[in-house]
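Dear colleague,

I am handing over the structure that we spoke about, and below it you will find what came out of a first look. Please read it with the model open beside you.

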Amino acid sequence: MELIAQGRDADVYALDESRVLRRYRRGGPTGLESRLMTHLAACGYPVPRVYEITDTDMVLERLAGPTMLDELARRPWRVGSLGRELGRLHDRLHALPAPEWLPKRFSTGDGDRVLHLDLHPGNVILTGRGPVVIDWCNAGAGDPAADVAMTMVTVGGANVPGLTTRLARGLLLRGIRSGCRTDPAGRMREVVRARLDDPNLTPAEAAWLRRRVGGEGPAVGRTDRSGC
């Protein structure tokens, strides 16, 4: 099998022209993840088709197109429009009530919505039928503000190819906020603390997040939308 992508927890192999194998290195929530993607597809949300699963593997639809991250690296002048697209993907997702079997994360108690909780440019494939969202292993039911906050802190602390400067990342963050109706401010500090518990963080990402907790520098998602 040809290895075509690697993430922090899983590898993706090409099976043929229409299917890929996503294999978790240490096992993963394949049952829950596939159930959620099937549910979202039935609701009209853009996700890959699921063909079959095991405890460690998922056979998924092979999507043709670059990731939003790759597109940003190749065409950085699209940063505003791609940011707004990412914001709209949040809005479309948060319009969907969470199924009762989805684990609670950042829950409000009533009216929980589906949260991706890792919806960044690397997890959006720009296909001929439009953007498709991948990698649902962190998903949960809860407050949409937490989902947007997670995207903001992930993008704000990341080294995005083609967007290596503070100004460029700020433009992407402004695009996300202008495309999304949800204000993440109320969940920002809670999400930063949760993100700090991620064992996959790089030292630079962890240092950036600790500065946010400590109140150093401008806040991500502040109301003037000027970025990080």
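How far apart are the mean positions of the positive and negative charges of the chain? The chain has 33 positive and 28 negative charges, and their mean positions are 6 Å apart, where Lys and Arg count as positive, Asp and Glu as negative, and His and the chain ends are not counted; each charge is placed at NZ of Lys, CZ of Arg, CG of Asp or CD of Glu.

Please keep in mind that this is a predicted model, in which local features need pLDDT of at least 70 and side-chain atom pairs count only at pLDDT 80 or more, while totals for chains, interfaces and linings use all residues. Residues are numbered from 1 along each chain as its sequence is written, and side-chain values use heavy atoms, with hydrogens and water left out.

The chain holds seven helices and nine strands, which are DSSP runs (helices H or I, at least four residues; strands E, at least two) numbered from the N terminus. Of its 228 residues, 51% count as buried, meaning under 20% relative accessible area with a 1.4 Å probe, protein chains only.

In H6 (residues 188–196), the residues Met188, Val191, Val192 and Arg195 are buried. They lie on the same side of H6, because they cover an arc of only 105° around the axis, taken from the directions from the helix axis to the C-beta atoms. The buried residues of H6 pack against helix H4 (144–157) and helix H7 (203–213), with contact meaning heavy atoms within 4.5 Å.

How values were computed
Buried < 20%, exposed > 50% of the residue type's maximum accessible area, 1.4 Å probe, protein only.
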